[in-house]
Amino acid sequence: MPGYEFFGEEERKEVNEVLETGILMRYGFDGPRKGRWKAVELENAIKETFGAGYAQLTSSGTTALTTALTVLGVGAGDEVIMPSFTFVASFEAVLSVGAVPVLVDVDETLTVNPDAVVKAITPKTKCIMPVHMCGSMADIDALQQICKEHNLVFLEDACQSIGAKYKGKCVGTIGDAGTFSFDFVKTITCGEGGVVMTNNEDTYIKCDGFQDHGHDHKGVDRGADLHPFMGQNFRISELHAAVGLAQIRKLSTFLEIQKKNHQVLRSYLQQIPEVSFRVIPDPEGDSCTFLSWFLPTEELTRAFITEMKAQGIAAGNFYWFDNNWHYIRKWDHLKSVTALNKLNDAQENGLKKLGTQDFSASDRVMSRCISTSIGLTWTEEQLKEKGEKMVAVLKKILSSQPVTA
Ligand SMILES: *Cc1c(COP(=O)(O)O)cnc(C)c1O
């Protein structure tokens, strides 16, 4: 899955070009930088690679989401509908703009269930933010339709699905805005970094200003820039952008390897009739960073993961084991409203409800789900061993536990 697996000469060369000039900032210093504009180059490469109208780099995926929410007018007291399964960054960004995260159930797509989204709409709802988890996409057409009908902002958190496509378009480029993360464990990495993509020029101009203290970038120098609105410092550095530039050139190779390894592993699991697979709204467009699949019951899932662990292999589960970061069940800090700063009243009230909300529909999906991260550097031998081991463990647990789903 992550780009760091293929880190090497190309990244070092790009970074060294920045180090040679010593200009680590993406703006200004026109003479000394000797024509090297890594952030601008990476933004152009992103537009080209993903077919986005505009691309604004930021310091992280979290700040990309914060920037997008802000420029799309999501603020104090607004409700943002998002899934119960994501990385904590998604609700952190919502909270940071003063808005209220309204969490709804996921289904076997591992992303928001459109019916649950409709049920959660109130007069305060401003935005629907699906999260294209684990390399694949939400039901974008259905969600876009809901946004149209209710006049809501559509923001795609595509941080985990770089290179996934929905009906021929890259995820993250379809909504009013979309974001990628380039943190160290994502499909391509800058070390730390993120991007907001949009097809709307006004949205882009606002992103450009907001992530740089509100600079309009029109002055003869930075001091002479005007500030049409307030901003933040969410800038990316040239060093990080340089790493990303080397990585984005490798993306098609990463995707090719992921798809190949994914297919092989899937063919092993397909031998077991009790295994079912994640529902993918556009299977052709899966970026294949994960192979996500289900067993019929919680008990079997638990038994499978326990046995894999005993054999020293992480199976990938966001519900039972060793992961406090991706699913509502383990977000006690959110449910108990544990914040260092004072939240606004709408946020306090909204979060208190989360503690008692019924997420049993999500539980039924997540407690049976195994998401196997697809390695880029696996040899054919290792892949075969992995597949055979998974099949052997599955046969073992299925023979000792009756299926009573
Ligand atoms: C990684 C991630 C983010 C945040 O990205 P950072 O670059 O780590 O801040 C946001 N949403 C999802 C779904 C992610 O996986």
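**View 1. Helices around the ligand.** In this predicted model, helix 3 (61-71) and helix 4 (89-96) each supply at least two residues of the shell around the ligand. The shell holds 15 residues. Gly 61, Thr 62, Ser 181, Asp 183 and Lys 186 are the closest. By class, the shell residues split into 4 nonpolar, 8 polar and 3 charged.

**View 2. Polar side chains at the ligand.** Ser 181 places a polar side-chain atom 2.7 Å from an oxygen atom of the ligand. For Gln 160, a polar side-chain atom lies 2.9 Å from a ligand oxygen atom. The protein buries 94% of the 380 Å² that the ligand exposes when taken alone.

**View 3. The largest pocket.** Its volume is about 710 Å³. Domain 1 (3-251) and domain 2 (252-400) both give residues to the lining, so the largest pocket lies between them. Of 30 lining residues, Phe 290, Ala 314, Gly 316, Ser 371 and Ser 373 lie nearest the centre. Helix 10 (298-310), strand 12 (369-373) and helix 14 (380-400) each supply at least two residues. The lining comprises 15 nonpolar, 9 polar and 6 charged residues.

**View 4. The second largest pocket.** This pocket holds about 440 Å³ of space. Its lining has 21 residues, with Val 102, Leu 103, Ala 120, Lys 353 and Gln 357 nearest the centre. At least two residues come from each of strand 3 (100-104), helix 5 (114-120) and helix 12 (345-354). Domain 1 (3-251) and domain 2 (252-400) each contribute at least three. The lining divides into 10 nonpolar, 5 polar and 6 charged residues.

Notes:
Residues numbered from 1 in each chain as written. Predicted model: local features only at pLDDT ≥ 70, side-chain atom pairs only at ≥ 80, totals over all residues. Heavy atoms only, no water. Near = heavy atom within 4 Å. Polar contact = N/O pair within 3.5 Å; in protein donor to acceptor, adjacent residues only side chain to side chain. Areas by Shrake-Rupley, 256 points an atom, 1.4 Å probe, with all protein chains shown as cover. Helix = DSSP H or I, 4+ residues; strand = E, 2+ residues; numbered from the N terminus. Nonpolar A, V, L, I, M, F, W, Y, C, P; charged D, E, K, R; others polar. 1 Å grid on protein atoms, 1.4 Å probe; cavity = no way out; pocket = protein on both sides within 12 Å on 5 of 7 lines; lining within 4 Å. Points joined across faces, edges and corners; volume = space filled by probe spheres on them. Domains from an automatic or database assignment.
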